[in-house]
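This briefing goes through one protein chain by topic. Please keep the sequence and the structure open while reading.

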Amino acid sequence: MKTDISIYVHVPFCSRRCIYCDFASYVNDGFISAYFDAVHREIDIVSDQIDNSRVFTLYFGGGTPSHVPVKHISNLIDKIHAKFQYDPVEVTVEMNPEDVTVDLCRDLKAIGVNRVSLGLQSTSDQLLKVIGRPYNVKTFLEKYEITNTYFDNINVDLMYNLPFERLSDVDSDMKMIEKINPDHISFYELEIHEEVPLYSMIKSGTVKLPSEDESEKMYDMIIESLDKIGYSRYEISSWTKKKPSIHNISYWENGEYIGFGLSAGSHYGMRRCVNTFDIGEYIQKLEKNELPRIYDSINSTKEEIAETLFMGLRLTKGVKLTYLREKFGNADVNFYVKKMEKFCGEFLDCSDEILKFTQSGMKFSALVLSELV
Ligand code: SF4
């Protein structure tokens with residue numbers, strides 16, 4: 001029997017660094033050719049190790065995939081087509097607004113891309129400047145118009161809790177979403193890691209984040225407003241009118257996926273692997289036909305269950321315990337059910353052999369999920 005797999009390809013190049021970014025990405029186009037040669041080698045090696053798989057979703061993320069010449073994306077699609085049974089229902093490319101052109105949209109469509117994810121992040125010019133995004137709202141709207149002519153499945157990425165952000169900025173985000181009406185919204189709370197420039201800017205007092213109380217009000221406004229304008233929340237940070245991300249659902253359902261490229265992770269069978277975050281090491285290893293892994297391990301049954309719960313609880317539909325019991329047996333599943341018991345009621349709905357967040361529990365999802373780590 002064929003296994004359905006998803007493929008992710010990481011494109012780690014950007015025109016500049018945003019001050020909050022901790023993704024594996026480089027502002028150095030000199031690596032582009034060698035990097036894509038290495039990704040082709042990685043596909044050669046991994047595809048020889050995996051039998052009987054049908055690629056049903058493909059996702060180019062980054063970094064900024066729209067920053068590199070489209071031939072690199074096109075060549076990789078050809079390669080994946082040659083090495084796997086390629087029959088995708090969804091092919092997504094992440095784009096930054098400043099890169100969008102008629103030619104780019106036409107070219108992407110011609111090579112089978114049918115979903116685009118646009119990184120907007122905020123509808124305030126001032127906030128875009130603060131976080132280091134190289135476009136303004138007017139440009140975004142022009143670029144959205146072009147994208148919308150070519151694609152009927154568009155995600156728009158937004159963030160809240162940005163430095164200096166006010167409730168009125170989130171209100172403007174909501175008004176803009178209502179106006180442009182994309183099918184899918186991803187709304188993330190800004191997370192700040194120690195190694196990013198924003199962290200030291202906050203520490204030194206150069207920039208100021210919203211208070212906890214303001215941030216909570218922003219969250220409440222987002223939940224309420226998106227519901228009011230017709231979006232259904234199907235995952236902690238994802239809303240849609242009709243087209244949930246099939247690719248991302250395969251992650252959240254802890255399905256089988258292979259990640260190619262810098263920092264990419266994979267999960268197939270019970271194997272979990274992660275690639276290096278260092279582009280020099282990535283290229284050098286593959287030049288020697290070695291996989292650039294920094295982690296490669298077979299999950300124990302307990303680890304598989306913990307991961308399935310950790311990812312699956314992000315979905316509003318939750319996780320079916322009957323499915324877990326059939327797959328992994330009662331004893332190990334009960335171990336985790338017991339761990340989660342204290343959250344049943346206020347945070348988790350634990351009825352009918354399904355575990356899922358309550359509306360108020362979603363707000364404290366990080367706390368509940370940390371129990372599974
Ligand atoms: S565009 Fe994305 S990947 Fe690139 S620096 Fe900004 S946040 Fe990071």
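In which loop is E353 found? E353 is in the loop that runs between strand 14 (348–349) and strand 15 (354–357). The model is a predicted one. An assignment of domains divides the protein into domain 1 (3–250) and domain 2 (318–373), and the C-alpha centres of these two domains are 29 Å apart.

**Nonpolar cores**

- The largest nonpolar core has 67 residues, and those touching the most other members are I7, V9, V39, I80 and I185.
- I80 is in contact with I7, I43, V55, L58 and Y86, when its neighbours within four places in sequence are left aside.
- Another core, of 12 residues, lies apart from the largest one; A306, L309, Y336 and L355 are among its members.

**Helix 6**

- Helix 6 covers residues 167–180, and its 14 residues should span 20 Å at 1.5 Å a residue. The C-alpha atoms at its ends are 20 Å apart, in agreement with that expectation.
- N181 follows helix 6 and has a positive phi, near 55°.

**Strands 10 and 11**

- Strand 10 (residues 265–268) pairs with strand 11 (residues 271–275) in the antiparallel sense, over four bridges.
- H267 has R272, in strand 11, as its bridge partner.
- The hairpin formed by strand 10 and strand 11 has two residues between the strands, and G269 there has a positive phi near 60°.

- Strands in the order 13-15-14 make up an open sheet of three strands with antiparallel pairing.
- Strand 13 (319–320) and strand 14 are at the edges and have a single partner strand each, so one side of each has no neighbour in the sheet.
- Strand 14 and strand 15 run antiparallel and are joined by two bridges. In this pair, D349 stands opposite K356 of strand 15.

**Backbone geometry in loops**

- The peptide bond between G62 and G63 is cis, with omega about 20°. G63 belongs to the loop between strand 2 (53–62) and helix 2 (70–83).
- N254 is not a glycine, yet its phi is positive, at about 50°. The loop that holds N254 lies between helix 9 (246–252) and strand 9 (257–260).
- Is N254 buried or partly exposed? N254 is partly exposed, because it has 19 other C-beta atoms within 10 Å, and a buried residue would need 20 or more.
- E353, in the loop between strand 14 and strand 15, is also a residue other than glycine with a positive phi, near 60°. E353 counts as partly exposed, because it has 13 C-beta neighbours inside 10 Å, while exposed residues have 12 or fewer.

Conventions
Residues numbered from 1 in each chain as written. Predicted model: local features only at pLDDT ≥ 70, side-chain atom pairs only at ≥ 80, totals over all residues. Expected span 1.5 Å × (residues − 1). Domains from an automatic or database assignment. Core = buried A, V, L, I, M, F, W, Y, C linked by C-beta atoms within 7 Å. Contact = placed C-beta atoms within 7 Å. Pairing = 2+ DSSP bridges.
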